[in-house]
Amino acid sequence: MGQSEKAAKNAPPRSHTGEALRHGVHASVREDTTPVRTHPWPQPGPRFEGRELELLAEALRQNTLSYVHGHMTQRLCARMSELTGAAHVVACSSGSAAIHVALKACGVGPGDEVITAPVTDAGTIIGIIYEGAIPVFADVDPVNYNLTAETVAVRLTQRTRAVIAVHLAGCPADIVPIAELCRNRGITLIEDCAQSWAAQVNGQWVGTFGDMGCFSLNDYKHISAGEGGLVITNDERLHRTAALAADKCYDRLTRARLMEFVAPNYRISELQSAVALAQLDRVEAIGARRHALGQRLGNGLAATDGLLPHEAPVGAYSTYWFYLIQLDRRFTANDVEDFAKAMNREGIPGGRGYVRPVYLAYPYLIRQSAFHHSRWPFTQAVSPQPYAPGLCPVAESVFDRSYKFPLSEWLDDSDIDDVIRAAQKVSQRLLRRVADKPPSDGDLEGIRKSPGKVHEL
Ligand SMILES: Cc1ncc(COP(=O)(O)O)c(C=O)c1O
């Protein structure tokens with residue numbers, strides 16, 4: 001049975017569970033209490049070396065750190081274009097800025113609806129609200145945790161202006177059908193690739209399937225310039241507007257201060273561009289290493305009763321920014337918590353879940369008041385958005401039942417094998433104590449009410 005089917009199914013109690021329960025108490029007495037992993041977990045190696053230093057020195061020798069006068073940002077954009085195949089690139093100050101710029105370039109404005117995933121970083125949402133548009137959350141796929149064409153389709157209205165498809169954790173969304181849906185309906189598609197550097201679908205970089213793709217260079221991502229963002233597109237008109245949107249609506253080609261629309265200063269500096277340019281030389285190797293480790297982990301977990309690997313769609317190449325191991329529906333939220341703690345005791349890093357769906361986690365969404373005393377833009381919604389439990393059931397349940405393993409390129413195969421052995425050991429132990437009852441929403445309630453976990457920027 002494929003993992004998708006495994007996940008979609010509310011797995012009935014298995015016969016061996018009863019058997020395990022019969023033997024469970026005695027079996028646990030004999031259990032191996034030696035942790036799977038006793039030696040220290042690998043620490044990250046150096047991320048910035050000779051090439052970064054060289055290019056930084058070169059940037060300083062330009063005697064300007066402005067992208068308008070220096071060459072590092074131009075070279076960064078040219079290299080990104082070469083890597084992705086996108087015709088145009090705009091560099092800016094962050095991934096959040098990149099998404100905001102893309103929304104502005106695509107003409108998203110007050111009262112428009114933008115469909116996006118609820119399992120994401122704040123950076124996906126910020127630009128929507130700043131442009132006075134309404135975030136509309138669609139549910140995610142149960143094994144790759146991204147929007148699907150089907151979940152987007154049920155949220156479409158006359159007001160839908162754009163879709164932001166997040167490629168979460170290095171794992172591409174099933175983007176081809178989403179792009180087709182958007183094209184057929186005349187809706188803009190922006191891809192949020194902040195967590196998915198070098199990820200591909202059918203050999204093509206994510207970010208090149210929609211109208212615009214957005215990347216983050218913050219320090220937690222596959223590659224880093226400390227901060228920074230890139231927007232890619234094949235559309236010359238979008239490129240021009242995006243360049244204006246990132247730089248106060250100043251046209252740096254004609255030197256005109258156009259001021260056709262209000263735009264922030266989201267400029268990148270030449271120092272950031274120098275580091276990012278050097279980092280682009282590493283990005284495919286980092287992606288390939290993470291891909292290999294993630295595949296190894298997935299293969300090792302595939303046959304493990306009770307666990308669902310983080311599975312990319314057919315044709316997708318995932319570069320695993322992190323790896324979610326999902327526990328099937330026989331487990332309660334408390335079991336998931338126990339799984340995480342037991343994994344740590346086995347010497348494996350990680351913790352429960354990634355983030356709660358943002359509409360349940362962000363006070364400004366729950367209150368529908370993002371700008372102090374005002375309820376704009378939410379008051380403009382034609383049909384008010386119910387940001388409440390039940391809006392995206394898969395997203396709500398999946399993230400209550402997942403263990404987030406911090407996969408990185410600094411690991412080797414034996415580290416991954418330790419994760420597999422620990423996950424098998426812990427899940428078997430937990431399965432023995434799982435009661436033969438279907439889950440109830442009540443099982444998850446406690447977790448939803450517990451304070452949210454702060455995750456990476
Ligand atoms: C999915 C996603 N989108 C957008 C962003 C925003 O990127 P930045 O932090 O560079 O603004 C992030 C960063 O964490 C992200 O993970």
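A122 is partly exposed, because 13 other C-beta atoms lie within 10 Å of its own. On this scale a residue is buried if 20 or more other C-beta atoms lie within 10 Å of its own, exposed if 12 or fewer, and partly exposed in between, with C-beta atoms placed from the backbone. A122 belongs to helix α6. Helices (H or I, at least four residues) and strands (E, at least two) are DSSP runs, numbered from the N terminus.

**Model and confidence**

This is a predicted model, in which local features need pLDDT of at least 70 and side-chain atom pairs count only at pLDDT 80 or more, while totals for chains, interfaces and linings use all residues. Residues are numbered from 1 along each chain as its sequence is written. pLDDT is the predictor's confidence in each residue, from 0 to 100. The protein chain has a mean pLDDT of 90, and 88% of its residues reach 70 or more. Over residues 440-457 the pLDDT is below 50, and this stretch has 19 contacts in the model beyond near neighbours in sequence. Residues 1-29 also stay under 50, with 33 contacts beyond four places in sequence. Two residues are in contact if their C-beta atoms, placed from the backbone, lie within 7 Å. Where pLDDT is low, the predicted coordinates should not be read in detail.

**Overall fold and core**

The protein chain contains 16 helices and 16 strands. Of its 457 residues, 51% count as buried. Among contacts with a separation of 6 or more, 75% are between residues 24 or more positions apart.

The largest nonpolar core has 136 residues, and V101, A102 and V231 have the most contacts inside it. Helix α10 (residues 270-302) gives the largest share of this core, 10 residues. A nonpolar core is a set of buried Ala, Val, Leu, Ile, Met, Phe, Trp, Tyr and Cys residues joined through C-beta atoms within 7 Å. Beyond its neighbours within four places in sequence, V231 is in contact with V89, V90, C92, A98, V101, A102, M212, C214 and A242.

A242 is also one of the buried residues of helix α9, together with L238, H239, T241, A243, L244 and A245. Helix α9 (residues 236-245) is largely enclosed by the rest of the structure, because 7 of its 10 residues are buried. The elements covering these buried residues include β1 (88-92), α5, β8 (212-216), β9 (229-233) and β10 (250-251).

**Surroundings of the ligand**

The shell around the ligand has 15 residues, of which G95, S96, D121, G123 and S216 come nearest. A residue is near the molecule if its C-beta atom, placed from the backbone, lies within 6 Å of it. Helices α5 (95-105) and α6 (122-130) each supply at least two residues of this shell. By class the shell has 3 nonpolar, 10 polar and 2 charged residues. Here Ala, Val, Leu, Ile, Met, Phe, Trp, Tyr, Cys and Pro count as nonpolar, Asp, Glu, Lys and Arg as charged, and the others, Gly among them, as polar.

**An antiparallel sheet**

Four strands form an open sheet in the order β12-β14-β16-β15, with antiparallel pairing. Its edge strands are β12 (307-308) and β15, each of which pairs on one side only. Two strands pair if DSSP finds at least two bridges between them. The pairs are listed below.

| Strand pair | Bridges | Residues facing each other |
|---|---|---|
| β12 and β14 | 2 bridges | L308 and Q326 |
| β14 and β16 | 4 bridges | Y323 and F405 |
| β15 and β16 | 2 bridges | R352 and Y403 |

In a regular strand the side chains alternate between the two faces of the sheet. In β16 (residues 402-405), S402 and K404 point one way and Y403 and F405 the other way, and all are buried.

**Backbone exceptions**

Most residues other than glycine have a negative phi, and most peptide bonds are trans. Y320, in the loop between β13 (316-317) and β14, has a positive phi near 30°. Y320 counts as buried because it has 29 C-beta neighbours inside 10 Å. H372 has a positive phi near 50° and lies in the loop between α13 and α14. With 5 C-beta neighbours inside 10 Å, H372 counts as exposed. P377 sits in the loop between α13 (363-366) and α14 (393-400), and the peptide bond from W376 to P377 is cis, with omega near 5°.
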